[in-house]
Amino acid sequence: MALFKQKKSNKASDDNAALFDDELREELRQSAREYFQKIIDDNAAHFKQDLDITVAQVGEELKAYMTKQLDGTVSHINEQISKQLNHRMHEYDRVTQDAHDLAVQSLNRSAHALHEQYEQFNSALQKSIASQEAMMVAAFNDNKNQIAETKKAQDQALQSLERSVEVADKQSKRLTESYEKSISGQEKMLTDTFEESRARIEATKQAQESALDTLNQAAERLQQQYEQLDETLTKAVSDHKAALVGAFENNMAQIIEHYLLNAIGEQYDMRAQLPLIIKQMEQNKQTIVDDMKL
Amino acid sequence: MSGQKDQTEFTLTPDIVSRPDFLRLINELEQVDNELVAVAVREKTGAHDVKQPVVSDTLGQFLEQNQLDISDSQERTMLIRQLRKLKDDLPVIHMTFATVADRESLREIVSWLRSSIHPQVLVSIGLQPSLVAGVYMRTTNQVHDLSLRKALSDNRGTLTKQLEALRGEG
């Protein structure tokens, strides 16, 4: 019975081998090849799309960053210039106010002194109107000179204020020049940064293209290895199949032989075998005789 | 005895198949010799109811086929001596059968062997059921496997070729 079970098992494996024939394996290989090519194309398209999106996003972010930096720098410079101008204007106002105060104080003092002198002159005039008229004229002249001096001082203060304004204008020009220079430097730096970023992006793009080439080469090598493996596997399966078939045929011959021995072994008794035995001995008669003579 | 024979001239009957059969023949002949000597002594002493010894069919056929007379004591002694010497010189063929061999079949086989191979050959019998059918013979220097198992084994290549042919057709 065990022999017949083995026979069924061999038959089942043979059926399986027939089921997975070459055509089915070729269809499976073609399907796997198309599926693998589709996955590679999808991944390449996704990778290219992600790369384009990343480059565009980097460009936009760089532009926004540059604009933001430029706006910040300009606003900072404007703020500094405004602050300095305000400070200078405040100083000019203060100087002008001081000069005005000094002039007012001087005028007040002059007026006060004049009033005192006038009082003195009045008193003196009251004391001596006619004789002191010359003295009053002289005093008047003196006061007039003092007024002229005061006016001169005011003119000087005005000139100083004008000079201060000129200095402020010069400083404003220098600041403008410095601002323009700073802007040009910033622009140059930003341009350099932009060029450097663009060079980096180009290098990254080249690296990605190189990576894509390497990936394609690896895919080709993988395909070649797959074909070699498929060929080797097919040959091994064929050899194994031939060996199995050979072993199966040999085993089947043994099974048939065993079956025949079991089937007919008990069918012959000695009387039935006797003609066959004598016939075979007759065929080997000469050999036996020769051996017995030795 | 009509005349003295060389030991190689003795003819063995089909009932003497193996060496034990031949030894039994010698033993029986010795026993008959002893009994005949005893009968002769009793006859000399005047006994009247002396019984002659009875010989077996095998011994009787052997004596008849070889035309031997064992009434004379000296000839019996000579015959026994010759048979004892012959016992060690008889050729033996070992035969192994798949089933138990009946006496009649052995007799036929031995007859063929003695007519075709050697007139005084003996057979050593063996039993090996795995032979299925046929016989496995061993002579002095050779073996002859004439069994069905050997025949099937020799033709296993034919079976394999038939299976290959069937596979090619399938």
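Helices (H or I, at least four residues) and strands (E, at least two) are DSSP runs, numbered from the N terminus. This is a predicted model: local features need pLDDT of at least 70, side-chain atom pairs count only at pLDDT 80 or more, and totals for chains, interfaces and linings use all residues. Residues are numbered from 1 along each chain as its sequence is written, chains are lettered from A and ligands numbered from 1 in the order in which they are written, and side-chain values use heavy atoms, with hydrogens and water left out.

Start with Asp15(B). This residue sits in the segment before α1 (19-44) of chain B. Is Asp15(B) buried or exposed? Asp15(B) counts as buried because its relative accessibility is 17%. Buried means under 20% relative accessible area, exposed over 50%, and partly exposed in between (1.4 Å probe, protein chains only). Contact means heavy atoms within 4.5 Å. Leaving aside neighbours within four places in sequence, Asp15(B) is in contact with Asp21(B), Thr58(B), Gln61(B), Arg103(B) and Arg107(B).

Now turn to the strands of chain B. Two strands pair if DSSP finds at least two bridges between them. β1(B) and β3(B) pair in the antiparallel sense, over 4 bridges. Within this pairing, Met95(B) has Met137(B) in β3(B) as its bridge partner. β3(B) also pairs with β4(B), again antiparallel, over 5 bridges. There, Val135(B) is partnered by Leu146(B) of β4(B). β3(B) and β4(B) form a hairpin, with 4 residues between them. In a regular strand the side chains alternate between the two faces of the sheet.

Next comes the meeting of the two chains. In chain B, 38 residues are in contact with 31 residues of chain A. The area buried between them is about 3,200 Å², and carbon and sulfur atoms give 69% of it. Buried area is the accessible area (1.4 Å probe) that two parts lose on being put together, summed over both.

There is 1 salt bridge between chain B and chain A. A salt bridge is a side-chain nitrogen of Lys or Arg within 4 Å of a carboxyl oxygen of Asp or Glu. Here the side chains of Arg271(A) and Glu108(B) meet, at 3.1 Å from N to O.

Which elements of chain B supply at least two residues each to the side that touches chain A? They are β1 (92-97), α4 (103-116), β3 (134-138), β4 (143-147), α5 (148-154) and α6 (156-169). α4(B) gives the most, with 7 residues.
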